[in-house]
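Keep the sequence and the 3D view open while you work.

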Amino acid sequence: MADVQTVEQGKIAADKEKMPLLVVRDLKKHFPIKRGLIQRTVGHVRAVDGVSLSVDTGETFGLVGESGCGKSTTGRSILRLIEPTAGEILFEGRDIRKMGSAEMRRMRRKMQIVFQDPYASLNPRYTVRQVLEEPMLIHNLFSTAAERKKRASQLMEIVGLSPSRLDRYPHEFSGGQRQRIGIARALAVDPKLIIADEPVSALDVSVQSQVLNLLDDLQKELGLAYVFIAHDLSVVKHISDRIGVMYLGRMVELSPADALYSEPLHPYSQALLSAVPVPDPEAKRDRIILQGDLPSPSKPPTGCPFHPRCKDAKDICKTVVPTWEEIRPDHFVACHLYS
Amino acid sequence: MISYIIRRLGGSVIVLFGIALITFILAYAVPSDPARMILGQHATLQQVDALRKQMGLDEPFIQQFGNYLMNIIHGNLGFSFLQNLPVATLIGQRLPATFQLALVAWLMELIIGLPIGVFMALKDRKMTDHVFNLVSLIGISLPTFFVGLELMYWVAYRANLFPVGGTGGLSFVILPGLTYGITGAAYYSRLLKSSMVDVLNSDYIRTARAKGAAPLRVIMGHAFRNAIIPVITYGATDIGALFGGIVVIEDVFGYSGIGQMAVQAINNLDTPIIMGTVLFAAVFVVAFNFIVDLLYGLIDPRITY
Amino acid sequence: MATVMETQNGIKQTLAYPQKKPAPRVWRLLKAYPLVFLGGILVLGLIFVAVFAPQLQHFNPNQQFQNGLSAMGGPLPPNSTFVFGTDDLGRDIFSRVLFGARVSLEVGVFSSIISLFIGTSLGIISGYFGKFVDTVIMRLTDIMLAFPLILFVVALVASLGQSITNLFIAIGVLGWAVTARVVRAQVLSVKEYEYVQAAKALGASNWRILTKIIFPNIIPPVIVLTTLSIGNNMLLESTLSYLGIGVAPPNASWGNMLAEGQQVFQYAPWLLYYPGLALLLAVLGFNLLGDGLREAFNPRRVR
Amino acid sequence: MKINKKTRLLGVVASVTLLGAALAGCSTQPSATSQAPTTPTAPATTGAQPVYGGTLNLDLAGAFPHLDPVKAYDTTSYEAVLQFYNQLVTYKGATNTIIPSLASRYTISPNGKVYTFYLANAKFWNGHPVTAQSFITEFERVLNPVNSSGGQGFIDPFIAGSNAYYSGHAKTISGLKSLNGGKTLQITLTQRDPVFLYVLAMPFFSAVDPTYIAGHSESYIDHNPMGTGPFYLASYQPNQQWVLKKNPHYFQKGIPYLNEIVFTNNSSPSAELLHYKQGLTGLLGYNIGGNGIPSQDYLPIVMSPTYSKQVYKVVQVATQYIGLNNKVGPTANVKVRRALEYAINKNYLVKVLGGRALPANQIIPPSMPSGYEAKLPANATYSYNPALAKKLLAQAGYPHGFTTTIYCDNSNPDDLRITEAVQSMLKAVGVTANINQSSWGTFLTNNETGNQPMFNLAWVEDFPDPSDFLNTLFNSNQRPVNNSTMYSNPAVDKLLNTAANMPAGTARDNLYKQAQNIIMSQAAWIPYAYPVFTAAVQPWLKGYYLNPNQVDPLQYVWIAKH
């Protein structure tokens, strides 16, 4: 993947003045597989296997892929909630993987996460106020309880909930409301980057758009950057500036959102896109059905990992790993069809 | 599977090693000189020292423990100070009696516990359930020797239904077994109840009921068979512990089992017997835990190793 | 609480929130599990007797009365002077039963605290930090659980020497393994909740996560376990006294009163009955309470 | 011998002196029908002629630890060996009189050093005849250090050449001679020994078959006896049952009466009592040297109008006492010790023992043929007087008492009860005593350091001579093992050493009395009780009597029709 780095580095060099907020280089997370008498490590699940991306301030980066492709692991590895195996994670130009635990904890103010499951992500024993004040307590943001309460009320208003319900418990709220609370919690520390890990996939469709709109509004107001993780393209379509498509722990395509939607290059992206319902009934698009199941990341196929399910697979796909190339400006793809 | 078994066996060996180590430390710490105990109070200091040397008691702790382990590996559990026989022989002599009592005690628990458990599950949250719950908790809360003494007095002596105490055939085992059954059955009934309630509330039982299957059929055919799995697990561990000897009850009934020998050895500080019986009992517990784990795989197809 | 279930579906989020406060948890618990009530009464009664034993006593519990023995030297049955009768040393059983409550409760509580402390600490460490530490601690619990329990306590007391402190230690050390197992399992499951991840993402320290998030979650099962173990340990004390290594004389515990009583039960059954009944009620109280609490904390059963 | 009073299993206790003892005229039959037998072979009994046949069932608390006479030194083994083996001499009925047994007669030389035994015509169960060698082999086994026999100290160095044999310097014991083609055994002593015949009555010195001994391993012999006794071991299931069958060729004609004795292992005193009440067992308290009626079964027996009539009692030649440390701690002060003597109510302690004892006022028990004083001097006499005790304690410098520890062992519930009662009495005079209870082995190990401030113990005499109590327990050269109170008084030492070399008689007795008076005035011990041995015997079991020397009468008893 050497060329990945050179390409990304070239891009970084070009934007010297405008340093991206977050740069991830060749991120890897391998989970060991232990077997046998002495629990020897016999192999690895390559959950994330060399992912690179960058996010600018105020930008939304969509990360898309099927369940199990490693996108959530990528998101959590970026925050070091899961300790990555290898790679660089530069936040504001500094590698957070090299930070000690105290420094890392300070750094966490700047990058937050919103989880998928609004039921599991809020401590059922805390009132909403406790949930929202917890980050303030952790980072000593306010010295008095009154200030904290004021801030908590503010946060409630920001996410569109009534401050009068601060002393309720999470289970007294609906799923969408809980997700708002989750967002408010993330905002409590004034982050610059929020990793939204499928924040709406557990919600009803009608509620989804409310939450998405909220996120969009917040971005505009607060200048937040998002890494928006989703398993289908329809959700990220409107919100994302750029989109990365992941397959089996690797990035297979990365491009501006419009470019991806108008002209997906990778057969996998095409397949994903074909599943997105199109508002314009005139536009005709063939539905591409993916064959077979997602292979096990512990035993990825040789060559291009996608080849067993690819409709356009050639002989070379079975043996040679395709390189990561910038086919168009800012449009990267790893596929033999374009080399 | 094979590597799982081997790994589990390895774990068991480690556990047994730990037990041997802890018992050895305990025995080592006991403030009594084995050589003096063997030779008696009038032996001269020279005699005692000579015996200490012969027994290896003057060696450093590690070496003594090493010797002890080597002896265990060779099946030698040591030599009783007071009974002048190898501990292994003494345990062997009492093995049949202990096994007999263990089996009967276990069966008593099942005979008393399981029907009550089924009954409690069917009457879940009703008044009768509360009553049975109370009764079963009373069973758990009773001191075993209290139950034993009362049974001995009323059932054996006054009603003259069983021998009053001692060791012999099956009739000698019934009352000690019943004592254990009374105080131990509640664990089975409560376990079976809670797992049966879970099963009875599960979708497939509802389905079976909806299809019109007769209640008893549902209970015995579906619920009981599925609910019995945790009971079997507990039962196997339980009987493993029972095989190691039932300390107090054997003593109450004057039953010559391994538990009684252990109690006598403790009163007399006959450390080789104490250590031997502890290790012996532990072997059974560990072995039955092992069997339970393997059984689990056979009973429940969802479990893989 | 139907709202909770329904609001899982986001569409119904606009449903009215219950204006009326739901019935108090305690009351609902009582209705579903009346036995908890009985358990609570028994435990409170025990604590009352233990605390006010000096006020309730008829005589000094350790005093041996010349007129407390029959002409043959046997114990006296219950009479107007000695309402529960006397024991084989001419002591007042009523007063001894009162003071026995103290000792038995002490043994039950202190030894449970010891096992609670060791078990919870090791369970948390094992569950939270995992890896090598976990392997070692779990192996240790395996060893503890495979020990024949009574033999272990007896051997331990024999080595340490007979004293009430050593009794606490021996019984306490015996019980930690079960607590550690339960706590570890609970930590493992709590650790996976996303709100723990969220706290970590917020920069909460390990210590904060342990104390503020994980610990509150392991309290309910530990309370249940401890309640049950207090009763069990009181029972174990009586067994140890039966074997002659219980609380040191002359102080009364129900255990050693029973141990004395079992020697004379054929002609002086009151020596067995009064402390036996007291012990039964006390242990039963803790068992009922623990059992009820388990149901109360069980999210599947009480809502 | 130092003994825990009611220990069922003495186990390892050994003594330089003689176990079991003379108890002339002290056997009592307070309530029962037993009479002292007139002859050993035909004990007089009221009523009918002896009946042959039948099986006697008995409960046995533990296994027989040893069936090899060389090793039998605990009370259970001791008695078992007496069923299987015979000695040169034995005790007559319930008395302390020595009568011939396997030796049909014996002579003692005028200087008291040479004993000549003329052997009876007896055979082992395997048909081999008893010869002088049968005894010589046994004496050699007792002296062989390999066997660590408790009997060694009783004959070494008293038999000529015994020490040389024991220490390996000689291949034979020079003092033992087989004469007259093995029909006569001659034993030569190094000095006059008035208790030697008692020694020979001990099971250690039984006749064994040399060829059997040579042909089997020690551990085999220990479980499979081969003797001349009235019963042989027909079968046994370890820890369950021992079946003894009548020896039809027993050298004493006409006995035994019983066909079979079945011992069933049963360690539960409650079960033992109920078995007896059900009539399943012939007697309660079989183990004469040990428990007698288990203490917890005693009251139910004596409180019952029926069963109390079946109780046999005998005062043992033994003293139960609280030892006071004469060397360290507050009790090193003689005033403190004297104060404590007044603090103990001995009548109450006897009551606590259920009446199975007599209150004690001196070291020598009344059952001892000599040395017991009907009246002690005033300064050696103590009566229960807590007020005086407090006053004396204040004078001694302990107006508020002190804190100390009483040691006792755990082999019998009585020990703890007595210790608790003593604790309570001490509390009444301001002395706080903690109880340290441990196993017999631990207690002994600890006792023999001479550091226990106070301890509850009993001494059972080894032979009927006051020296066994006074010299063994109070001579300063016996510290700390036997003299574990660390008593030391040159005047007493001098009296004891002088008396040891004197011929028996009043002059010697008086020296012991003088010594005891001094010891009692210095309050080295608080002797509190002389124990009484008890047994309950079914009315249909005839011919039973209690001999204080642990010689049970099973070969003389018979089962009447019932």
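**Exercise 1. Which residues is D:T137 in contact with, leaving aside its neighbours within four places in sequence?**

Solution. Step 1: contact here means heavy atoms within 4.5 Å, and by that rule D:T137 is in contact with D:V208 and D:P210 once neighbours within four places in sequence are left aside. Step 3: classify D:T137, which counts as buried because its relative accessibility is 11%, where buried means under 20% relative accessible area, exposed over 50%, and partly exposed in between, with a 1.4 Å probe and protein chains only.

Before you go on, note that this is a predicted model, in which local features need pLDDT of at least 70 and side-chain atom pairs count only at pLDDT 80 or more, while totals for chains, interfaces and linings use all residues. Residues are numbered from 1 along each chain as its sequence is written, chains are lettered from A and ligands numbered from 1 in the order in which they are written, and side-chain values use heavy atoms, with hydrogens and water left out.

**Exercise 2. Is B:N160 buried or exposed, and what does it touch?**

Solution. Step 1: find B:N160 in the loop between α7 (144-158) and α8 (170-200) of chain B. Step 2: its relative accessible area is 51%, and therefore B:N160 is exposed. Step 3: not counting residues up to four places away in sequence, B:N160 touches B:V155 and D:Q278.

**Exercise 3. Describe the largest nonpolar core and say where it lies.**

Solution. Step 1: a nonpolar core is a set of buried Ala, Val, Leu, Ile, Met, Phe, Trp, Tyr and Cys residues joined through side-chain atoms within 4.5 Å. Step 2: the largest has 137 residues, and those with the most contacts inside it are B:I19, C:M234, C:W254 and D:I301. Step 3: helix α13 (residues 271-299) of chain B gives the largest share of this core, 12 residues. Step 4: domain 1 (2-73) and domain 2 (95-269) of chain B both give residues to the core, so it lies between them; the domain bounds come from an automatic or database domain assignment. Step 6: a second, separate core of 89 residues includes D:F64, D:V142, D:L197 and D:Y212.

**Exercise 4. Which residues form a nonpolar patch on the surface of chain C?**

Solution. Step 1: patches are made of residues with over 30% relative accessible area and no salt bridge, like charges being joined within 9 Å and nonpolar side chains (Val, Leu, Ile, Met, Phe, Trp, Tyr) within 5 Å; a salt bridge is a side-chain nitrogen of Lys or Arg within 4 Å of a carboxyl oxygen of Asp or Glu. Step 2: C:L44, C:I47, C:F48, C:V51, C:F52 and C:L56 form the patch, with about 530 Å² of accessible area together, a value from the Shrake-Rupley method with a 1.4 Å probe, for which only the protein chains shown count as cover for residues. Step 3: C:L56 belongs to helix α3 (residues 34-56) of chain C, and C:L56 is partly exposed because its relative accessible area is 33%.

**Exercise 5. How many helices and strands do chain A and chain C have?**

Solution. Step 1: chain A has 11 helices and 12 strands, whereas chain C has 11 helices and zero strands. Step 2: of the 339 residues of chain A, 53% count as buried, and in chain C buried residues make up 58% of 303. Step 3: chain A exposes about 14700 Å², of which carbon and sulfur atoms supply 50%, and chain C exposes about 12300 Å², of which these atoms supply 68%.

**Exercise 6. Which peptide bonds of chain D are cis, and where do their prolines lie?**

Solution. Step 1: a cis peptide bond joins D:D156 and D:P157, with omega about 15°, and D:P157 is in the loop between α3 (152-155) and α4 (162-166) of chain D. Step 2: the bond from D:I255 to D:P256 is also cis, with omega near -5°, and D:P256 is in the loop between β10 (241-246) and β11 (260-265). Step 3: for context, most peptide bonds are trans.

Notes:
Helix = DSSP H or I, 4+ residues; strand = E, 2+ residues; numbered from the N terminus.
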